[in-house]
Amino acid sequence: MITFRQRIRTAVALLTAAALTACGATTGSSANGTIEYWLWDSAQQPGYQKCADAFAQANPGLKIHISQYGWDAYWSKLTAGFIADTAPDVFTDHLSKFAQYVDLKVLRPLDDLGPTGDIEDGDYQPGLAELWKGQDGKRYGAPKDWDTIAIFYDAAAIKAAGVDPAELQTLTWNPQDGGTFEKLVAHLTIDEKGVRGDEPGFDKAHVKTHGLGSEGSGGGGWGQTQWSAFTGSTGWQATDKNPWGTKFNLDQPALQDTLSWYFGLVQKGYMPSYEEIGGANAIGTDKQIQSGTAAMGLSGSWMISSFTKLTDSAGKKLDIGLAPTPIGPSGKRASMFNGLADSVTTLSKQPENAAKWVKFLSGEECQNIIGQSGVVFPARPAGTDLAIAYNKSERKLDVTPFTQQVVDKTTFLFPVTTNAADIAALMAPRLDAVYIGSSPVSSLTKLNTQLDDLFKVAQ
Amino acid sequence: MVTTTSIRPAKTGRARNGPRDDTRLALLFILPALVGFAVFLVWPTLRGIYLSFTKFNLLTPPEFNGLDNYVRMVQDPVFWNALKVTLYYVILNIGFQTVLALVIAVMMQRLTQRTWLRGIVLTPFLVSNVVAAMVFLWILDYQLGIGNTIIAAIGLDRIPFLSDSAWAIPTIAFINVWRHVGYTALLIFAGLQTIPETVYEAGRIDGAGEVRMFRSITVPLLRPILSLVLIITVVGSFQVFDTVAIATRGGPVDSSRVLQYYIYDVAFGRFQFGYASAMSVALLAVLVIVTFLQYRLTRAESSDLA
């Protein structure tokens, strides 16, 4: 017969065992032929699901499981995954993040894996593939798409203002008076009494519709959808060299004058303030245009499908138009040129299979599928052409404002550096302060010293 | 309770050898809790202290770097600002919460006997912190929130509750007062129940009013409970995190970057677990000092009722 004491002993043993197995249970990467793949953009998931189905058909025994998490959760989940050994086999990587992951030794060089060893730079839009090589010269990502910046506008607001949409294609700006761009922004701004921003009696404290929407201060991503098109068109570069710059240029007048003008639009009532867009939980320009608080706004090509799906409160589709970023003091327009890629993690238990999937994602078949879904511009030129055609036929949208920048070589690359997380952590609050107006633009000189110091410590 | 003397006649043969020894059985019962305590509290704390002397990114092995993290901490203006912001939050949060909870508890005891009314006070505590923060984020939104819509409707200017540096911390403090006040009131209410009704009767015979009795009877006799409640709530308040993470993410600029959020950001956003551990050790030290002072100043270990 089991005694009381024995029973307790068994119970304790069982409890301990349960606690231990609970700690040891893992999900994520496994070696059973299912490849875990992560991405953050829900709009892209259907397209990549099609790729996954095609891949499974071509590779019997292999299956792709796609998980999608929103941008913020994505990166914290990925970090947690690296720590807890639950990271996916393959994930969509961003230029602002990959250098850190290379340093943390969680990415596998694609050159060392059979299927991805022969990826050619020349197969992709010029410059894209090279961005994904680490300081050791090895490739850590296979290009999947690219993006540029343009102006999205509410065609109804332009019409109501009596502006010819053709005018939007040739806008110019400068940091002194803002040029024809600022004139248009002022004209599109309407206060609560219906007075336009360029008319006498305009009440800048009670604005109903701002001429230009705001995507925040841009401190977290070098002003990509905020001010990078303006600083870029002055010829300004964020770092001494790109990629792998170690000295920063936030102390230069070209940047400070531009930001002084850009954030000055808030003071004039032409652009919504930090509070109006919701502070730390800001809404994007798409929602601002939808709700009528902005008439136009800068955003990226990955947002085309979101913008073209916008409806008014009655459920009617909004007529959205596109215009290129304005021509700046350098005599040219400018757009940041950024791209995403797929990376294989060192935690993958089936790196060769994972590499097969990455090869497929970066290959012609999948990129054509993505091009035909019209959500982003695939990295291969043929895929890009399909996306352009899709927008023309299905959305009646001319996406030239995005593509022309690449043709004209007026793009500049996203600043790729190491210590990206520290840079973002230092920059975001300082730029927020400039946007809010609690710090002058000249405070960025001190920030620049802090950023430079980051690299003195690191070396 | 551990040792009980057997008064049964010497039949089992054990009582002859003196009192029955229950230590082994007692240890067995304590063991599960002790394992939990050691695995989830003692070990992480010790390891955290060790990590605070290293450079550690969690993925590659920690490198010992002596006092570097502590030197950096002393020189880090964001750390000192975080400490200041946290302290400001604690003062606002605990100040309002304790006074309000005391008032609610006294009203519960003196004015109503209805259980459902007492129950209602506790309902906000049943809502999770994250949900409470989300709901208030929507209510207080500058453009679309119903709170600001009402403010605008009565002709006042909209208030940027969570997106202005002067408003952020008071707003977060208020959200957490709303959530925790019922729970705190319940703890104080339990304390009030221990004060004998006879003392109040004596007070009434002497002609004291409700206010006088509150000051001269309730507050002094409640002191041990009140100080216990304060110790618990202050420690909890210093560790504010979820409301900030949801509502402001430390912004605008650094105005709501409380210590816990800064630690989290440095650790999981910037992979500097060594430095984050050093700041956690600093927070631990602050909490130990604050708790010790509170314990001493309020003489929490002695009661005037005896």
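Buried area is the accessible area (1.4 Å probe) that two parts lose on being put together, summed over both. By this definition, the area buried between chain B and chain A is about 2600 Å², and carbon and sulfur atoms give 65% of that area. The structure is a predicted model, in which local features need pLDDT of at least 70 and side-chain atom pairs count only at pLDDT 80 or more, while totals for chains, interfaces and linings use all residues. Side-chain values use heavy atoms, with hydrogens and water left out, residues are numbered from 1 along each chain as its sequence is written, and chains are lettered from A and ligands numbered from 1 in the order in which they are written.

The interface between the chains can also be described by residues. With contact taken as heavy atoms within 4.5 Å, 31 residues of chain B are in contact with 30 residues of chain A. Two salt bridges are counted between chain B and chain A, a salt bridge being a side-chain nitrogen of Lys or Arg within 4 Å of a carboxyl oxygen of Asp or Glu. B:Arg270 and A:Asp422 meet through their side chains in a salt bridge, at 2.6 Å from N to O. Six residue pairs between chain B and chain A are in polar contact, both residues at pLDDT 80 or more. A polar contact is a pair of N or O atoms within 3.5 Å; within protein, one must be able to donate a hydrogen and the other to accept it, and residues adjacent in sequence count only if both atoms are side-chain atoms.

On the side of chain B that touches chain A, α1 (23-51), α10 (242-247) and α11 (259-269) of chain B each supply at least two residues. Helices (H or I, at least four residues) and strands (E, at least two) are DSSP runs, numbered from the N terminus. The most is given by α1(B), with five residues. This side of chain B divides into 17 nonpolar, eight polar and six charged residues, where Ala, Val, Leu, Ile, Met, Phe, Trp, Tyr, Cys and Pro count as nonpolar, Asp, Glu, Lys and Arg as charged, and the others, Gly among them, as polar.

Within chain A, the domain assignment gives domain 1 (34-146 + 339-395) and domain 2 (149-336 + 414-458); such bounds come from an automatic or database domain assignment. The C-alpha centres of these two domains of chain A lie 29 Å apart. In chain A, 19 residues of domain 1 are in contact with 13 residues of domain 2, and the two domains bury about 1400 Å² between them, 64% of it on carbon and sulfur atoms. A:Gln100, A:Gln135 and A:Arg395 supply 30% of the area that domain 1 of chain A buries against domain 2 of chain A, more than any other three residues. Across this domain interface of chain A, the rule finds zero salt bridges.

Two individual residues complete the account. B:Gly191 lies in helix α7 (residues 165-193) of chain B, and it counts as buried because its relative accessibility is 1%, buried meaning under 20% relative accessible area (1.4 Å probe, protein chains only). Leaving aside neighbours within four places in sequence, B:Gly191 is in contact with B:Leu222 and B:Ile225. A:Ser67, in strand β2 (residues 63-68) of chain A, is likewise buried, with a relative accessible area of 11%.

Technical notes. Buried < 20%, exposed > 50% of the residue type's maximum accessible area, 1.4 Å probe, protein only.
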